[in-house]
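Please keep the sequence and the model in view while reading.

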Amino acid sequence: MRRGRVRDRRQGRSPARKSPASRAAASLAAAKRGTLSAAKRGTLPATALRVRGVDPKNAAAFVQTGHMVHRAALPNGLCVITVPQPQLHSASVAVLVKVGSRHENTRENGLSHLLEHMLFRGSQRYPSAYTLNRAIEELGGTLHGATHADFTLFEVTLPPGNVQNGIEILGELFAHPSFTELTVEKRIVREEILEYLDDQGREVDPDNLSRQLMFGSHPLGMTITGSLENVEAFEVRDLHAHMRRHYVASNMVLCVAGAVDERAVLRSALAHFGGLPTGAPSVALPAPPHRSSDRLRAVASQGSQTDV
């Protein structure tokens, strides 16, 4: 998981005359403020946002977000979100699955994370991690995945002209995973888990420690990676069972953003994701009651850095 954020600080600028771009941005912001109430009432003039090609029927959504968001559903229940941004020179295809460590029990803890890793091992059409990554790179794209407490993300970023290929590749991974080289991937996950432990095998990762302190034995208090023992015990049949239960159309969202056409995205989504079973959304235990008492835990470590 990515941690931290990058801030762009621009200081010390004199109040010089605004550039044409900044004046245009200010005018657009003023137009948004002035038309928000009209958009909500459905009385926005047809010419108000013509410069951006906005349908007056969707003006309220545009005014609130600054771009159009198209939502649709395939016959199997898969939610498809398209965000056309014609000014961009790239596009992103992301699949979000509502499953993470929060949806696991003690024995399953770490299975969602291992499954995310294993899906990048390939499929029937791309039988190895090498062939899969080469197919992505030949499209000028990059492949990214991440497991969180309550969802798992798979994302391909590539040129807009190759979006249909990106959708096809992701659809292939979910429809026909190969789950090869499990032992190799377990070693990779093992190294990831060891990064969070010190030389004595103690947990020193502040995120994991915070979860344990806040949520205790609740699934929200478990680590995303699971324990070394759990990962070693998982078998291919566990991956298939987890996928059948959670990787279903009603529990997934396909989102495509960039210089893309909504109708073309829907056609590709239907072709490559339309065969997924509908299934049922994943259900997680409610969060434990809020505790008002102070909680503090300090772990002394011989490492060269201190994390707070």
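The points below proceed from the whole chain to the sheet, the helices and one loop.

The model is predicted. Its protein chain has 308 residues, of which 38% count as buried. The secondary structure of this chain consists of 10 helices and six strands.

**Overall fold**

- Among contacts in the protein chain between residues at least 6 apart in sequence, 77% join residues that are at least 24 apart.

**The sheet**

- An open sheet with mixed pairing is formed by six strands, in the order β1-β2-β6-β3-β5-β4.
- Strands β1 (70–73) and β4 (142–147) are the edge strands, each pairing on one side only.
- On average, and with direction ignored, neighbouring strands of this sheet are turned by 15° against each other.
- Seven bridges connect strand β3 (residues 91–97) with strand β5 (residues 152–158), and the two pair in the antiparallel sense.
- Opposite L153 in β5 stands L96.

**Helices lying across the strands**

- Helix α3 (residues 111–119) lies across β4 and β5, and runs at about 170° to β4.
- Helix α10 lies across β1, β2 (79–84), β3 and β6 (252–258), with a direction at about 150° to β2.

**The packing of α5 and α10**

- Helix α5 (residues 163–175) packs with helix α10 (residues 262–273) at an angle of about 25°, and their axes are 9 Å apart.
- Because angles under 35 degrees count as roughly parallel, α5 is roughly parallel to α10.
- The crossing of these two helices, α5 and α10, is right-handed.
- From α5, the residues Q164, I167, E168, L170, G171 and F174 take part in the contact; they meet A264, V265, S268, A269, H272 and F273 in α10.
- By type, the residues of the contact of α5 with α10 comprise seven nonpolar, four polar and one charged.

**The loop between α5 and α6**

- Most residues other than glycine have a negative phi.
- F179, in the loop between α5 and α6 (182–194), has a positive phi, near 55°, and is a residue other than glycine.
- F179 is buried because its relative accessible area is 5%, and buried means under 20%.
- E181 also has its place in the loop between α5 and α6, and its phi is positive, near 55°, in a residue other than glycine.
- E181 has a relative accessibility of 43%, so it counts as partly exposed.

Notes
Residues numbered from 1 in each chain as written. Predicted model: local features only at pLDDT ≥ 70, side-chain atom pairs only at ≥ 80, totals over all residues. Heavy atoms only, no water. Axes fitted to C-alpha atoms, helices over the stretch in contact; angles between N-to-C directions. Helix = DSSP H or I, 4+ residues; strand = E, 2+ residues; numbered from the N terminus. Parallel < 35°, antiparallel > 145°, perpendicular 65-115°, else oblique. Left-handed = near helix turned anticlockwise from the far one by under 90°. Contact = heavy atoms within 4.5 Å. Nonpolar A, V, L, I, M, F, W, Y, C, P; charged D, E, K, R; others polar. Pairing = 2+ DSSP bridges. Buried < 20%, exposed > 50% of the residue type's maximum accessible area, 1.4 Å probe, protein only.
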